[in-house]
Amino acid sequence: MAGEFMTLPNARRFALTDATLPAVLVKGFSGPAREGLIQADIVIADGRIERILPAGAAPADIVKADMRGGMAWPCFVDMHTHLDKAHFWDRRPNPDGTFMGALENVRADRIANWSAEDIRARFEFSLKSAYAHGTRLIRTHLDSIPPQPDISFPLFAELREEWKDRIALQAVALLPLECVLEPEIFDGIVATTKRYGGLLGGATRILPDFERILDTLFRAAADNGLDIDLHADETEDRQVLTLEAIAEAKLRNRFEGSVTVGHCCSLARQDEETARRVIGKVAEAGISVVSLPMCNMYLQDRHAGATPRWRGVTLFHELTAAGVKTAVASDNTRDPFYAYGDMDPVEVFREAVRILHLDHRLDTSARVVTSTPAEILGRPEIGVIAEGAPADLVLFSARRWSEFLSRPQADRIVMRNGMGIDRRLPDYRDLDPLMEK
């Protein structure tokens, strides 16, 4: 395609030579590293990675594509998104950018407009964007206030099947946690979630009988073989710290499934002793944490006429140091919770490096949008470069971190099964009929 920095060979077997790889993402091969980057030749045959060799070691008789030191990454993983909400900002914006404004406007638009046809168009627009940017695996939360689950989950199942060869999809039921103690509502949501192979989730806050709610949620997940993915403490209010209760509930219930929490903003507002105690429990419970730096920075500490004084994100470095699996993701896209975004993990990574200070050193930072979220989502074969794996790669002209992080990498090449894909992004005009409602 025009604008790409190199041309891929039209051959069954070829080599990408003089490629720069993030060492943390390469399995079964190592070499001298500089800033966590290694040089290699990648031999591709019949759509798979045949060999990873030292730079300059590709067979002499093979067709070659010279990367000239450009980076090669595995395809990306976006582990926390809201594809049912995406792309209706023009129809119902958030006038003040606040969290309450987001809640109110999403609720109003959901009631008025969220038919299967409406969600499909916006959902697919997001998938087309993510695919063009190089994403291989996405987990989305689906608003699950009845009757919405009966609309969104069947549609999700259709899209999961239609897109299975391009993007693997997972779904979480984002349910109102106060309904957990109402069997006539909760049992139906659990049944729908199980029927369509989803996870249980919700947004935690201080509620009456909160421990009982968590215990009921964990028991339902265990009884139905479901994993859990919760929004936790998406607030600047240091009095709200449900993360500790979630960890205690997982331990108390001896829950053996996977538990992931997102946001955890108020953790960064705690004193050192409290933060260490909570992080220790999260590590002991084996809970994974995903930070959503772009959305959190947009929403948190937003007050009319005032400059924000904190970044809104969780204690990412401290959680990682304690052995907690940590990742970053897109979160919302062009909806009342976040007015911007394009489902581009390069943008997410670049902004995360700046907001969370994932640099100096950058040696292992590439994992946060690739291998670690893939592990958390139970797909460890995705997000890594390994011999025998599909040649699902994203190629960049950037050779070093400063080059990579200073431009949007619009000229990247996305390879799927060893072949370049059409990277044209969907046109926002395609959504115009939906915005006229």
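Helix 1 runs over residues 99-113, and its length checks out: at 1.5 Å a residue, its 15 residues should span 21 Å, and the end C-alpha atoms do sit 21 Å apart. Keep in mind that this is a predicted model.

- Which residues of helix 1 are buried? They are Gly-101, Ala-102, Asn-105, Val-106, Asp-109, Arg-110 and Asn-113.
- These residues cover an arc of only 155° around the axis, which means they lie on the same side of helix 1.
- Here's the handy bit of background: an α-helix has 3.6 residues a turn, so residues three or four places apart point the same way.

**A buried arginine**
- Arg-350 belongs to helix 10, which is made of residues 345-356.
- Is Arg-350 buried or exposed? Its relative accessibility is 13%, so Arg-350 counts as buried, the cut-off being under 20%.
- Setting aside neighbours within four places in sequence, Arg-350 is in contact with Leu-405, Arg-407 and Pro-408.

**The cavity**
- The count comes to one cavity of 30 Å³ or more, and the largest cavity holds about 30 Å³ of space.
- Residues lining the largest cavity include Met-294, Ser-330, Tyr-338, Asp-342 and Val-348.
- Sorted by class, that lining has four nonpolar, four polar and three charged residues.

Terms used
Residues numbered from 1 in each chain as written. Predicted model: local features only at pLDDT ≥ 70, side-chain atom pairs only at ≥ 80, totals over all residues. Heavy atoms only, no water. 1 Å grid on protein atoms, 1.4 Å probe; cavity = no way out; pocket = protein on both sides within 12 Å on 5 of 7 lines; lining within 4 Å. Points joined across faces, edges and corners; volume = space filled by probe spheres on them. Nonpolar A, V, L, I, M, F, W, Y, C, P; charged D, E, K, R; others polar. Helix = DSSP H or I, 4+ residues; strand = E, 2+ residues; numbered from the N terminus. Buried < 20%, exposed > 50% of the residue type's maximum accessible area, 1.4 Å probe, protein only. Contact = heavy atoms within 4.5 Å. Expected span 1.5 Å × (residues − 1). Arc of directions from axis to C-beta.
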